[in-house]
Amino acid sequence: MFGSALTYVILRLLGEGPDSGDGAMEKGRNWILDHGGATYITSWGKFWLSVLGVFEWSGNNPVPPEVWLLPYLLPFHPGRMWCHCRMVYLPMCYIYGKRFVGRITPLLLELRKELFKDPYSKIDWDKARNLCAKEDLYYPHPFVQDVLWATLHKFVEPVMMHWPGSKLREKALETVMQHVHYEDENTRYICIGPVNKVLNMLACWIEDPNSEAFKLHIPRVYDYLWLAEDGMKMQGYNGSQLWDTAFTVQAIVATNLIEEFGPTLKLAHNYIKNSQVLDDCPGDLNDWYRHTSKGAWPFSTADHGWPISDCTAEGLKHSEEERDLWVLAGAKNLDLLTAPIPGL
């Protein structure tokens, strides 16, 4: 349902009619309706359809930004989440807290009719919060989780939408955006991955459409785009340049082709050397739930900057087993290598 509904919406936004594509659009729409309609889309799908304006925010389980104001000692503080998970739900908190909805157009009104079995005005959005197509239901919500969502939705959110709770929400939204900007600036607006990239960019636009932050986001979209033989793709990362280069060098060395590929190896080692992260992120890393990164290597490029343990291990392997090749490449930062290893 997640893939079918979003693909259908994207095709309609790109200009396809409801019955075009030699019947493909009709077949896709019928599949969606036969499986309950878009109310059965997964949580991320509900989120994006709400942003677009073809789903109500009241049909989403809450993503309250106030959790970022809680003490870190709590075991469920978002700062304790896996970094990729944390960085996705961070801007989601802001967009949800703002209840942002794009401009409603005639096309969106048509989609409201096409995606659901019931008239849009008659949909039980409270019930829709926990609906999920069986094809997408990998793990059902435990009862405790449903109780938590219901409590937040029915009791906490109404308080946060009105004074004096709205003052706390404003503070939470401000805190969330500070973390969004910190992530943006320390990844040169690439962000840790494509999902939070577009979410961060949208959050910056919602905060200020004319902001410098939003303008800096735009050119880095292309870091994720890849034009393949069968069309445009968006990568799951901004690349695997460091990772691929490290293993390519190992393969050449292991097959005793050093002399044949000497110039190539020198270029590869220069790339690996230049990809090493030479500084930690600014400020108190604990305040931003970040780890030391000085001396580490990323998965892709130095601009990305997030330290990756196994990529750093490959860098360390080069320093220990292929030091002579590193000297050929002019490496000067071998002393930084072991600094991040224990914590990573």
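Here is a short walk through the structure above, from the whole chain down to a few residues worth a look. Keep in mind that this is a predicted model.

Start with the big picture. The chain folds into 14 helices and two strands, and its C-alpha trace spans about 70 × 55 × 40 Å along the principal axes. Of its 344 residues, 45% count as buried. If you take the contacts with a separation of 6 or more, 68% of them come from residues 24 or more positions apart.

The accessible surface comes to about 18,000 Å², and carbon and sulfur atoms make up 60% of that. As for charges, there are 32 positive and 42 negative ones, and their mean positions sit 6 Å apart. Val195 belongs to helix α9, which covers residues 194–207. Val195 counts as partly exposed because its relative accessibility is 33%, between the 20% and 50% cut-offs.

Next, have a look at the backbone. Most residues other than glycine have a negative phi, and most peptide bonds are trans. Trp163 and Pro164, though, are joined by a cis peptide bond, with omega at about 10 degrees. Pro164 is in the loop between α7 (143–160) and α8 (165–186).

Definitions and conventions:
Residues are numbered from 1 along each chain as its sequence is written. This is a predicted model: local features need pLDDT of at least 70, side-chain atom pairs count only at pLDDT 80 or more; totals for chains, interfaces and linings use all residues. Side-chain values use heavy atoms; hydrogens and water are left out. Helices (H or I, at least four residues) and strands (E, at least two) are DSSP runs, numbered from the N terminus. Buried means under 20% relative accessible area, exposed over 50%, partly exposed in between (1.4 Å probe, protein chains only). Contact means heavy atoms within 4.5 Å. Accessible areas come from the Shrake-Rupley method with a 1.4 Å probe; for residues, only the protein chains shown count as cover. Lys and Arg count as positive and Asp and Glu as negative; His and the chain ends are not counted. The place of a charge is taken as NZ of Lys, CZ of Arg, CG of Asp or CD of Glu.
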